[in-house]
Amino acid sequence: MSAPAVPLTAPEATPAGHTTTTAATTLAARRIAELGDRARVCGLYDALGAPLYHDLATYDDPETRALLTAVRATPGPVLDLAAGSGRFTLPLLATGREVTALDLSADMLALLGTQLDRAPASMRGRCTVVQDDMSRFALGRTFPHILLGTTSLSLLDQDGRMGLYRSVLAHLSEGGRFLLTVLERGDSDGPDETAVEVTGAGGTVYELYEHWPAGADSRTVTLLPAALPPDDSPVTVCTDRVAVLDLPRLEEELAVSGLSITSRRLLSPPGERHRVTLLTTEATR
């Protein structure tokens, strides 16, 4: 995100911007209720939500930098899974790599296409865009690098993840690496819900709510513009419930599927709410 998160002023908010919730409601639910019929509720990755999600995408964060550094170690093309609007694809292209960007969402890929249209011809020529399911894809080639970013794996159920691992193994070059990141809660004593203001790349300020009780098997993210239109026109409210996959379970799944972990790297400071770990894996030979 392009600017630090600013705590929202809201009922039941603590001075740090964190909130407590009851079994009956959350701050996000109450905010949507306040909007009433004006709220156009959508997902983060569909036609309405994709532009907001893209506006908050950042190309200079610890995860992106870590993946770029890892890829630089060896040459060759990159397969960017769940590429979305190009958070990793565009920086990789800027380094001179050939990139295949795969995503299931036509809306997200349309945003990537718009950015590629604005990019130099040399970058566009090195990018192949594929609309496909990351849990079962067949591209007819192999790659020395396959990437999957934070939270994307959580969009799949267990069967979907098993299909992903099989597809990755079928597309890894000899000695190739599958790089993926996993998101966990890093503050066991933190609040169930947080509410902050964040600024997108285009300057729009958003309200961002996250409901994530410690130990829960999912988290709910809600995003909407902070400044509402002065009239009664509709307000886009993006909300999605995303599964949480802890690191031990993920590592067990990878091992069973034939992918061995060669390194683990913590990308976030200890004690932060969001703990991101980068895993480097190779096919078990």
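1. Basis. The model is predicted: local features need pLDDT of at least 70 and side-chain atom pairs count only at pLDDT 80 or more, while totals for chains, interfaces and linings use all residues. Residues are numbered from 1 along each chain as its sequence is written, and side-chain values use heavy atoms, with hydrogens and water left out.

2. Span of α5. Helix α5 covers residues 106-118, 13 residues in total, and reaches 19 Å from its first C-alpha to its last, close to the 18 Å expected at 1.5 Å a residue. The expected span is 1.5 Å times one less than the number of residues. Helices (H or I, at least four residues) and strands (E, at least two) are DSSP runs, numbered from the N terminus.

3. Faces of α5. M108, L109, L111, L112, Q115 and L116 are buried (under 20% relative accessible area, with exposed over 50% and partly exposed in between; 1.4 Å probe, protein chains only). Down the axis of α5, these buried residues fall within an arc of 155°, so they line one face of the helix; the arc is that of the directions from the helix axis to the C-beta atoms. The face turned away from the buried side carries the exposed residues D117 and R118.

4. Cover of α5. The elements over the buried residues include α2 (49-56), α4 (89-94), β5 (99-103), α6 (121-124) and β6 (127-131), where contact means heavy atoms within 4.5 Å.

5. Second largest pocket. About 200 Å³ of space lies in this pocket. A pocket is an open set of points on a 1 Å grid over the protein atoms alone, with protein on both sides within 12 Å along at least five of seven lines; lining residues have an atom within 4 Å of a point. Its lining has 14 residues, of which R185, G215, A216, V244 and D246 lie nearest the centre. The lining divides into five nonpolar, three polar and six charged residues.

6. Largest cavity. A cavity is a set of grid points where a 1.4 Å probe fits but cannot get out; the whole structure has three of 30 Å³ or more. The largest has a volume of about 60 Å³. T151, L153, S154, T181, V182, L183, L245 and L250 line the largest cavity, and strand β8 (residues 172-185) gives the largest share, three residues.

7. Second largest cavity. Its volume is about 40 Å³. The lining consists of T151, S154, L183, W212, R219, V242, A243 and V244, divided into five nonpolar, two polar and one charged.

Methods. Grid points are joined across faces, edges and corners, and a volume is the space filled by probe spheres set on the points. Ala, Val, Leu, Ile, Met, Phe, Trp, Tyr, Cys and Pro count as nonpolar, Asp, Glu, Lys and Arg as charged, and the others, Gly among them, as polar.
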